[in-house]
Amino acid sequence: MRADTVRGAVAAWLDRIGPGLYGVACSGGPDSMALADAAIEHAGATNVVIVTIDHGLQPASAEIADQVAAWARGRGAAAVVRRVTCERSEASARTARYAALAAIADELGLACMLLGHTARDQAETVLMRVLRGTGPAGLAGIPARRGIYVRPLLELPRTAIEAAARDLPAWHDPMNHDARFARVRVRERYLPILRAENPSLDDALVRLAASAREWTEAIDAIAAPFAHFPIDCRVLAAQPPAVRKRALSLLLQLDAPHLEALDALITSPTRGERSLDLPGTTLVRSYDQLWPQAKAHSPKPELEALPGFELRPAQPGDRMRPARLKGRSRKLADLYSDAKVPRRDRAAARVLVRTADRTIVWAEFIGDAFGENPPQTYGRF
């Protein structure tokens with residue numbers, strides 16, 4: 001496999017995105033180093049920012065992050081190192097990493113953030129989701145593009161990555177062989193056994209992801225008109241189960257048990273008012289209308305009497321990390337759009353800001369921010 005396969009894939013994506021300042025998330029491993037090298041070669045060093053997130057989970061992590069930054073600057077590119085705090089788990093590290101990447105992209109006005117996921121990562125992700133009991137949409141695996149995140153190497157095999165990284169100063173993270181992590185067990189225990197039955201298993205799983213993505217795109221076009229609040233339960237209940245559940249998935253990021261519980265509430269007979277507690281919010285069905293609603297709070301002092309917080313109108317460019325997105329940052333305008341908040345209500349919407357760091361800890365119609373405990377909550381979600 002020729003090393004220029006990586007450069008060709010990166011060039012194709014950057015040409016599709018168009019001119020701008022490109023971010024490259026780079027841990028210093030072979031995948032991300034090959035990606036960073038290709039981006040610099042194609043776009044020019046002055047158009048690339050190499051971003052390294054130091055999770056602090058390795059004794060030498062700070063030194064490695066600084067080495068990556070030094071390599072980038074030696075190539076003429078800008079470099080950013082951001083330290084984050086997280087638990088020693090894949091989910092915690094991922095949440096902290098994406099929150100930091102989103103913040104950096106917003107700060108620098110990046111056209112995109114390139115990520116180094118490869119075909120092997122796609123195969124592992126699909127198999128892990130099968131083991132955990134995913135639905136059809138989950139089989140689509142990792143998207144090649146979602147928002148600012150772009151994965152140019154997603155269809156490239158390991159041989160292409162190794163060829164491209166051969167002469168680069170890449171390091172190999174020992175956590176990639178730590179069997180305490182599910183992904184490592186899948187990679188080093190289960191996939192080798194399954195490849196004995198099908199040597200082309202990785203290709204088969206990547207094809208499965210592509211087919212599932214085609215299915216998802218098709219059903220999304222049908223389900224999207226139903227993915228808004230308020231939900232008319234009679235109208236949605238009349239749709240096939242696949243359309244109902246996909247509409248709910250587009251509206252709310254829920255795991256399978258919560259999705260089943262919400263579908264059961266929507267398809268149940270009409271009677272009075274019932275509620276369902278979900279991560280980050282409570283949904284209330286009143287006869288045939290279903291709305292998100294704030295959870296009850298115990299009485300608390302008036303906000304104005306508490307130092308350290310400011311209640312102000314929402315402003316253009318405001319961002320927050322809503323509880324339902326579990327740490328992922330989004331523009332408040334996009335969150336209001338997703339929640340179908342009428343424009344007349346958005347104009348008067350308020351946000352609660354912590355004065356120490358200007359972080360939005362609560363927004364009207366959206367609710368609390370991830371990991372925050374605001375002194376008081378107003379209105380409905």
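**Close-up views of a predicted model**

**View 1. Parallel pairing of strands E2 and E3.** Strand E2 (residues 48–54) runs parallel to strand E3 (residues 78–83), and 6 bridges join the two. The model is predicted: local features need pLDDT of at least 70 and side-chain atom pairs count only at pLDDT 80 or more, whereas totals for chains, interfaces and linings use all residues. Residues are numbered from 1 along each chain as its sequence is written, and side-chain values use heavy atoms, with hydrogens and water left out. Helices (H or I, at least four residues) and strands (E, at least two) are DSSP runs numbered from the N terminus; two strands pair if DSSP finds at least two bridges between them. Val51 stands opposite Val80 in E3, and Thr52 stands opposite Val81 in E3.

**View 2. The β-α-β unit and the sheet around it.** E2, helix H3 (residues 61–74) and E3 make a right-handed β-α-β unit. Right-handed here means that, with the strands pointing away from the viewer, the path from the first strand over the helix to the second runs clockwise. An open sheet of 6 strands has the order E3-E2-E1-E4-E6-E5, with mixed pairing. E3 and strand E5 (145–146) stand at the edges, each with a single partner strand, so one side of each is left without a neighbour in the sheet.

View 3. The structure holds 24 salt bridges, each defined as a side-chain nitrogen of Lys or Arg within 4 Å of a carboxyl oxygen of Asp or Glu. One of them joins the side chains of Asp31 and Arg158 (2.7 Å, N to O). This pair links distant parts of the chain, with Asp31 in helix H2 (residues 30–43) and Arg158 in helix H6 (residues 158–165), 127 residues apart. Asp31 counts as buried because its relative accessibility is 14%, while Arg158, at 22%, counts as partly exposed. Buried means under 20% relative accessible area, exposed over 50%, and partly exposed in between (1.4 Å probe, protein chains only).

In a salt bridge between Asp37 and Arg75, the closest N and O atoms are 2.7 Å apart. Here too the pair links distant parts of the chain: Asp37 lies in helix H2 and Arg75 in the loop between H3 and E3, 38 residues apart. Asp37 is buried at 8% relative accessibility, and Arg75 is partly exposed at 27%. A network of salt bridges links Arg7, Asp37, Glu41 and Arg75.

View 4. The side chains of Arg244 and Asp263 form a salt bridge (2.7 Å, N to O). Arg244 belongs to helix H10 (residues 241–251) and Asp263 to helix H11 (residues 256–267), 19 residues apart. Both Arg244 and Asp263 are buried.

**View 5. The second largest pocket.** The volume of the second largest pocket is about 560 Å³. Of its 24 lining residues, Ala99, Ala103, Arg321, Ser329 and Thr359 are the closest to the centre. Helix H4 (90–108), strand E12 (319–320) and strand E15 (359–363) are the elements that give two or more residues to the lining; H4 gives the most, with 8 residues. On a 1 Å grid over the protein atoms alone, a pocket is an open set of points where a 1.4 Å probe fits, with protein on both sides within 12 Å along at least five of seven lines, and lining residues have an atom within 4 Å of a point.

How values were computed
Points joined across faces, edges and corners; volume = space filled by probe spheres on them.
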